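This briefing concerns the pockets and the sheet of one protein model. Please view the sequence and structure below before reading on.

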Amino acid sequence: MSQSKPVSALPAISEDARVAIARAEWNDDITSALAKSAVETLKAAGVADDNIHVYDVPGAVELTFAASALVETDVYDAIIVFGCVVRGGTPHFDYVCQSVTQGITALNADCDTPIIFGVLTVDTHQDAVDRIAGGAMGDKGAEAAEAAVKMIAFRDKVNEIM
């Protein structure tokens, strides 16, 4: 059962809004489902199909570079990053999670384009499945898209007072 708020509760944004999604190919079944749900939610919120672009990168660590490159284009009103890191028996999980979290946080602090963190950091593959559309823990793809819409509206409001 999804725990997402209905799209009708989202603020209005320009129909010209542009959103990029950077998706890690690692754990493709999860990140593809997250991206698909995000695209559907963005469309339902009024973002034109032609203004939603999905880019693939190898893994979660590469999401910071992808987001930075997409920010540099100055084309997008928001960027969503999707990855899925499943804990294993080595410290690799911690390094990957720390790297992508710190990278996206630094970009959010330094740039004018909101970057939505949609990286699942889970203990098991089933934990990730529970967080995609229809899963027991909600729909993290839709939630990330909703956050993008809200941040676009927030930035528009801030720009109005400047």
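The model is predicted: local features need pLDDT of at least 70, side-chain atom pairs count only at pLDDT 80 or more, and totals for chains, interfaces and linings use all residues. Residues are numbered from 1 along each chain as its sequence is written, and side-chain values use heavy atoms, with hydrogens and water left out.

**Sheet**
- An open sheet of 4 strands has the order 2-1-3-4, with parallel pairing; strands (E, at least two residues) and helices (H or I, at least four) are DSSP runs numbered from the N terminus, and two strands pair if DSSP finds at least two bridges between them.
- Strand 2 (52–57) and strand 4 (115–122) are the edge strands, each pairing on one side only.
- Strand 1 (residues 19–24) and strand 3 run parallel and are joined by 5 bridges.
- Ile21 stands opposite Ile80 in strand 3.

**Helices on the sheet**
- Helix 2 (residues 62–72) lies across strand 1, strand 2, strand 3 and strand 4, at about 175 degrees to strand 3; angles run from 0 to 180 degrees between N-to-C directions, with axes fitted to C-alpha atoms, for helices over the stretch in contact.
- Helix 3 packs on the sheet and touches strand 3 and strand 4, its direction making about 170 degrees with that of strand 4; contact means heavy atoms within 4.5 Å.

**Second largest pocket**
- Residues lining the second largest pocket include Asn108, Met151 and Arg155; a pocket is an open set of points on a 1 Å grid over the protein atoms alone, where a 1.4 Å probe fits, with protein on both sides within 12 Å along at least five of seven lines, and lining residues have an atom within 4 Å of a point.
- Helix 5 (residues 140–161) gives the most to this lining, with 3 residues.
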